[in-house]
Amino acid sequence: MSKFITPLYNSLKEYVPGEQPQDKKYIKLNTNESPFPPSPVVIECVNSEAVKNLKLYSDPESKVLKEELAKAYDVLKENVFVSNGSDEILNFAFMAYAREQGVAFSDITYGFYKVFAELYNVQTKIIPLKEDFTIDYKDYINLNKMIVIANPNAPTGISLKLNEIEEIIKSNPQNVVVIDEAYVDFGGTSALNLINKYDNLLIVRTYSKSRSMAGARLGYAFGNKEIIADLEKIKYSTNPYNVNRLTQIAGIASLMDNEYYENNCNDIMINRESTVKELKKLGFFVLPSDANFIFVKHPDIQGEDLYLKLKDKGILIRHFTQERIKDFNRITIGTLEEMHSLILAIKEILEEI
Ligand SMILES: *Cc1c(COP(=O)(O)O)cnc(C)c1O
């Protein structure tokens, strides 16, 4: 780094994304992408005509996309925000709500929360998950801080119950509670119905996982219209054209083919259950998952070791070095074929040790 950088950023530990190797073709089970392509409707819409129009700026209001999201999720357009990936919404929320109030989130959760907290030099309360990696909602009552909860949580896959989420929202009326529902389409329960009941709830979603569009960078959020107006204000103060033209078109088209995505999510849930069964047979400990990934460990092999051996065999999974979870690996659920290859490779590895 140069000597010119603001000292605060000097010590900032940036987010480290999962590997996206360009050298050879892996079975990629490391970054929770969908194994399925976007719907044919999406592929048809992002055509050469759409590319020609790239000479023009995108609609800064993302009007049609917001209208279609509002229709699809039965809310008003004023309750919808869209962004360049849901990470951008999280960024904006930290900027808007955490700097004065501070923030609270759990010790084992999406790694970006900590980065944003450091980026904005926010006072941070880290709340440990219970021994079994569940959240005790009582730890979040009357905190008087902004709260961020991934539900289902990552990388555990474990969900919090809706009535527990409601207790948290209700008991922190002076603070925004962010519920990050990146994985809700794989069997979780959404808090969406609560946005009209509470003015301090922000629900964050993404097209990256269940809608097969990680590379398009499209996130969306639901909340009371004042909260959405806050996020708009920050958007217009940083990047008014945050959602590009092709992504707006793809995002709208995606909503025209919900059945396709529901089927994909169903397939992934089925593959998840069969993979869990196989891994348990092989002696793995598997946390209960409502997401498109599972969090697993084996008594005979260290987390990092398994990760490296699978990588050697052309299969990528995600290992985290954080002390409390270093025995575990997070495995994204792919196609049935990919999961067969995974199980086969793991059997070989276990036989070799
Ligand atoms: C993947 C993920 C995100 C980020 O998604 P993008 O929309 O691709 O930025 C946010 N939160 C959680 C919990 C995630 O796993």
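Student: Could we zoom in on one residue and then look around the rest? In which loop is Asn121 found?

Tutor: Before we go in, this is a predicted model, so local features need pLDDT of at least 70 and side-chain atom pairs count only at pLDDT 80 or more, while totals for chains, interfaces and linings use all residues. Residues are numbered from 1 along each chain as its sequence is written, and side-chain values use heavy atoms, with hydrogens and water left out.

Now your residue: Asn121 sits in the loop between helix H6 (112–119) and strand E4 (124–127). Helices (H or I, at least four residues) and strands (E, at least two) are DSSP runs, numbered from the N terminus. Asn121 isn't a glycine, yet its phi is positive, about 55°.

Another loop, between strand E5 (146–150) and helix H7 (162–171), holds Pro152. The peptide bond into Pro152 from Asn151 is cis, with omega near 0°. Pro155 is also in the loop between E5 and H7, and the bond from Ala154 to Pro155 is cis too, with omega near 5°.

On to the ligand. Residues around it (a heavy atom within 4 Å) include Tyr110, Asp180, Ser208 and Arg217. By class, that shell has 3 nonpolar, 4 polar and 4 charged residues; Asp, Glu, Lys and Arg count as charged, Ala, Val, Leu, Ile, Met, Phe, Trp, Tyr, Cys and Pro as nonpolar, and the others, Gly among them, as polar.

Check the polar contacts, meaning pairs of N or O atoms within 3.5 Å. A ligand nitrogen is 2.6 Å from a side-chain N or O atom of Asp180. Ser208 has a polar side-chain atom 2.6 Å from a ligand oxygen, and a side-chain N or O atom of Arg217 is 2.7 Å from an oxygen of the ligand. Of the 390 Å² the ligand exposes when taken alone, the protein buries 92%, using the Shrake-Rupley method with a 1.4 Å probe.

Last stop, salt bridges: a side-chain nitrogen of Lys or Arg within 4 Å of a carboxyl oxygen of Asp or Glu. The count comes to 19. One of them joins the side chains of Lys63 and Glu67, at 3.1 Å from N to O. Why do those two sit about one helical turn apart? Because Lys63 and Glu67 are 4 residues apart in helix H4 (residues 63–73).

How values were computed:
A polar contact is a pair of N or O atoms within 3.5 Å; within protein, one must be able to donate a hydrogen and the other to accept it, and residues adjacent in sequence count only if both atoms are side-chain atoms.
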